[in-house]
Amino acid sequence: MPIDVRPLSSLRGGDEPSFGGKSSALGELLAAGIRVPAGFALPCEASEHFIAEAGLEPKISAALQRARGGELAEVTAAAHQIAGAMRAVELPQAVRAAVAEHYRRLAEDAGDAAPAVAVRSSAIGEDSAEAAFAGQQETYLWVRGADAVCDALRDCWISLYSAEAISYRAHLGGERRAAMGVAVQLMVDAHVAGVMFTCNPVTGDPSMIAINASWGLGPAIVGGEVTPDDLLVSKVTGEVVRETVSQKLIEYVPDSVAGAMERREVPPERAGAPCLDGPARAALLELARAAERHFGSHQDIEFAIARTGAPPENVFVVQSRPVTGVAPRVGGVGAAASALGLVMQKFGAGGA
Amino acid sequence: MASTVPALSAFPSPYSIETPAGCEGWEEMYPYYAVFDEHRRDTDEQRFWFWNSMHFPTPHPAFDVICIDSPYQAVGSWQNRVFAVPPAMGIDYRIVNGYVYISSNPVTDPDKIAERAGYFQRRAGHYYQNWPELYGKWRTKMEALIAELEALRIPDLPEYEDEEVALEDGRNTAFYEVLDAYGRLLRLGDLMWQHHFEFLLLGYGAYATFAELCKTHLPDIPDQHIAQMVAGIDVLLFRPDAELRRLAARAIELGVDDAFVEGRTPAEIEAELGAGDAGRAWLADLEATKQPWFNMATGDGLTHDFHSWLDDPSIPFASITGHIAAQRTGARSVRPTEEIERERDRLAEAYGALLPEEVRGPWRDLLALSKTVFPYVEEHKFYCDYWFLTRWWNRVREFGALMARHGFLEDGEDIFQMTRHEVATALDELLLTWATGGRPLGPQHWPPIVARRKQLLERLAHWTPPPAIGVAPAEITDPMTIMLWGVTTERVQEWARQHDGGAELRGAAASPGTIEGIARVVRGVNEIADIREGEILVCGSTSPAWAPIFSKIKGTVTDVGGVMSHAAIVCREYGLPAVVGTGRATTLIHTGQRIRVDGTAGVVAILEP
């Protein structure tokens, strides 16, 4: 069967059931004119197609059957067995051909025979937030060449049957579809990477952008390996309202020889230096405003600033999802409150 | 006074503060009720007192106590007896080693608070609902008061009374006229203070309510953005400096700007200008500008040291000279008013759009109310603190001159070393002996007292008052303490920490940006000539009279004040980083030290020992 692989730029919110939340959100960002690294997406059915074509269903069912008791050792053993089985077979020809073709186009556009890409899982359904907890949102960075992309793709699919994922689906109960989309994106050789919220997630202040940033590629921050620089920037004026510069002791950089990432120490003189300059802050602020405006809700955005070029052109959004867990601001004024009533309250002279 | 009881809190007990050597007996300058007395020890020692360095930065002269009594009588009357602000009565003061400490009287009984709420709603509501009309009447009242002050006749004491006194009906003799004038002068001062506080509390209250609503829904909003949304700079208080800038531009336009050379006296400049037609045109413009705009004071303190620009033209002339230099190079020019107004409206619109739907209506109404009341909050200073008060001190000086002419004082200026009641007593004797032709004792009695007090004030000036004394409360709740002095719970905790030492000071983030530079500690407006280009100003507080220096400095740190203080407003206007209300910057920082001012975070770091 043909596999419906698509450029990220062609996806929209409505494609979420087929391509997963991450891929469709990236498509939306591109549609909104926000700088997102180019890439393509595989639909959920590709993972199911792989399992069906390789005849893995009986093995998987049997392994899951043995893990039904929920004992950790049994679940782990089942995950191990399934991973082994999935790794032992070739990906379907249709998948490999489609990946090769889209990777070639990406390479052509990037002007690089084997550009580094990020391979990210793109979970479906309302559970995508919990899916992160369940380990279903694997990301493989700095992947080069179509064959390596296919390996990473397989690893994403294998993560559908990680011990955590199996337990999680068992916890939810019923028949759960074990499927996920995958996004393949050009990798930004990030000088600085980080995360930002389009509100202050601590106080809920909607007039602020909260930014965490550190040297190198994203994992240092996302994985919690460094204490990042912490900034609060006014959406209204662009002023930095609060800034804490931390000692950012390690960073991830691409290792061109091994074709992967290298974790290394940051020299002391750079570790304590602020990693975002004025133009970078301004570019991030613009990206945050655009993303919030486009989605109509507060966004949790991963960004990367390329080693080459200058802001705003070298500042990219690599992921954006709705902010969860921020309490809405409450109190201060009742629906019927008047200005005068509030002044009276201030002087301790009763309600409105 | 010099007891050895240990401090009860982070701050010293008022009863443990020692009198500096050679200053024994300083209490004689002040009323019996103005000191920490053993009879009130059980309550006074448990209260929180902070040094009001904003209004009383130097040891207080005896006569000037009237500018403590009268304002606190007035503010207490309005707050406690007229509007009956439910949780707060008035402000008490005590003097320690010549410095004025204040403390508010809270209302704690819930029934009493409820009772007062009824009065407050009715009376304050009337003011808010009729603000523009009432404020219009207020201006008329103030202008009439100033006119009466100017018209007050203080007769000399003649050898023989005028012919009319003898030959016409209804004439008074000089003894009565002098006593009447003195009494009337004191009453005019009281009346000014009454007017001063009529609107102030309500004005600040509306603003504080708006600020609080902003912070409820936008918890991280910088204070200066709230201030910016309310205050343009089109208020009266900025007119004098704006007029100086206009006069600077006019001098350039007329081609007479070369006359303005740094270091020249106003008389020298005027002499050069008077020699040509263009210069004379400029001088005519200057004359037309003087009334009322040169009724600015040279400082913000409530003591007689502060003169008006009319009395001391060196300050406006230095300012014009500075503005000319700035306008020639085009550097450091102040943003045009329209641009500031556009930015104000843009901020309001952007923040308004971020608020929850149901809050927007009340929020916009409160912003409108704050903008309505704000001109008063700013303008009362020009009418009362500057225009009236500088004229008023000069009328007091006339009584000093009268006493000096009759040998009661060596110099007319010495009248400020006597209490207002002592002046009344001395006038009684002077008029008695003038009338009887008898021999007065005053010339022997007063000069030694004056000399002693001058020496006391000089010695007390070397003492460093702690920012606070007594027991700090868990929380500062008094609205006036917070609104007028910027003394918040955080600020008091910071003072307590600094009491233990440290190379960093915290205050209110008043104007954003960070700057490093050399500190210039300025204790009074008379020292502002020392400031060099590019230094960071460290002072108690500033007033519009300090305008000339803002085109020279790189940043500002003050001991006292909130984000609505003069220094904060002007620094935002000039784009200079500022931290205000640090408590003791002038004590901890020395001229010549390198410091860093972070006006965004409200932190001042001392970088060199």
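At what angle do the axes of helix 7 of chain B and helix 14 (residues 357-405) of chain B cross, and within what distance do they come? In this predicted model, the two axes cross at roughly 145° and come within 8 Å, and helix 7 of chain B passes helix 14 of chain B in a left-handed crossing. From helix 7 of chain B, the residues that meet helix 14 include L200(B), L202(B), Y204(B), Y207(B), F210(B), L213(B) and H217(B), while the residues of helix 14 of chain B that they meet include V359(B), W363(B), L366(B), F374(B), V377(B) and H380(B). The residues of this contact divide into 16 nonpolar, 5 polar and no charged.

One of the residues in that contact, H217(B), deserves a separate look. H217(B) lies in helix 7 of chain B, which spans residues 200-217, and H217(B) counts as buried because 23 other C-beta atoms lie within 10 Å, where the cut-off for a buried residue is 20 or more. Along the chain, H217(B) and D241(B) are 24 residues apart, and their C-alpha atoms are separated by 36 Å. Another residue of chain B, E148(B), is found in helix 4 (residues 131-151) of chain B, and E148(B) is exposed, since 12 other C-beta atoms lie within 10 Å and a residue with 12 or fewer is classed in that way. The C-alpha atoms of E148(B) and L185(B), which are 37 residues apart along the chain, are separated by 9.7 Å.

The crossing of helix 8 of chain B and helix 13 of chain B is left-handed. Here H225(B), Q228(B) and M229(B) in helix 8 of chain B meet R344(B), L347(B), A348(B) and Y351(B) in helix 13 of chain B, and the residues of this contact divide into 4 nonpolar, 2 polar and 1 charged.

Chain B also contains an open sheet, in which 4 strands follow the order 2-3-1-4 and the pairing is antiparallel. Strand 2 (88-96) and strand 4 (468-470) of chain B stand at the edges, and because each has a single partner strand, one side of each is left without a neighbour in the sheet. From one strand to the next, the twist averages 30°. Strand 2 of chain B pairs with strand 3 (residues 99-106) of chain B in the antiparallel sense over 7 bridges, and within this pairing D92(B) stands opposite S103(B) in strand 3 of chain B. Helix 2 (residues 66-82) of chain B packs on the sheet and touches strand 2 and strand 3 of chain B, and the direction of helix 2 makes about 165° with that of strand 2 of chain B.

In chain A, strand 3 (residues 116-122) is mostly covered, with 7 of its 7 residues buried. In a regular strand the side chains alternate between the two faces of the sheet. Both faces of strand 3 of chain A are covered, with A116(A), A118(A), R120(A) and S122(A) buried on one side and V117(A), V119(A) and S121(A) buried on the other. Strand 3 of chain A runs antiparallel to strand 4 (residues 139-144) of chain A, to which 4 bridges join it, and V119(A) stands opposite Y140(A) in strand 4 of chain A. Strand 3 of chain A likewise runs antiparallel to strand 5 (residues 181-186) of chain A, with 6 bridges between them, and V117(A) stands opposite L186(A) in strand 5 of chain A.

Helix 8 (residues 146-158) of chain A has 13 residues and reaches 18 Å from its first C-alpha to its last, close to the 18 Å expected at 1.5 Å a residue. In this helix of chain A, the buried residues are A146(A), V149(A), A152(A), L153(A), R154(A), C156(A) and W157(A).

There remains the contact between the two chains, which takes 30 residues from chain A and 39 residues from chain B. On the side of chain A that touches chain B, strand 9 (240-244) and helix 13 (339-346) of chain A each supply at least two residues, and helix 13 of chain A gives the most, with 6 residues. The residues of this side of chain A divide into 16 nonpolar, 9 polar and 5 charged.

Technical notes:
Residues are numbered from 1 along each chain as its sequence is written. Chains are lettered from A and ligands numbered from 1 in the order in which they are written. This is a predicted model: local features need pLDDT of at least 70, side-chain atom pairs count only at pLDDT 80 or more; totals for chains, interfaces and linings use all residues. The expected span of a helix is 1.5 Å times one less than its number of residues. Two strands pair if DSSP finds at least two bridges between them. Axes are lines fitted to C-alpha atoms, for helices over the stretch in contact, and angles run from 0 to 180 degrees between N-to-C directions. Two residues are in contact if their C-beta atoms, placed from the backbone, lie within 7 Å. A crossing is left-handed if the near helix is turned anticlockwise from the far one by less than a right angle, and right-handed if clockwise. Ala, Val, Leu, Ile, Met, Phe, Trp, Tyr, Cys and Pro count as nonpolar, Asp, Glu, Lys and Arg as charged, and the others, Gly among them, as polar.
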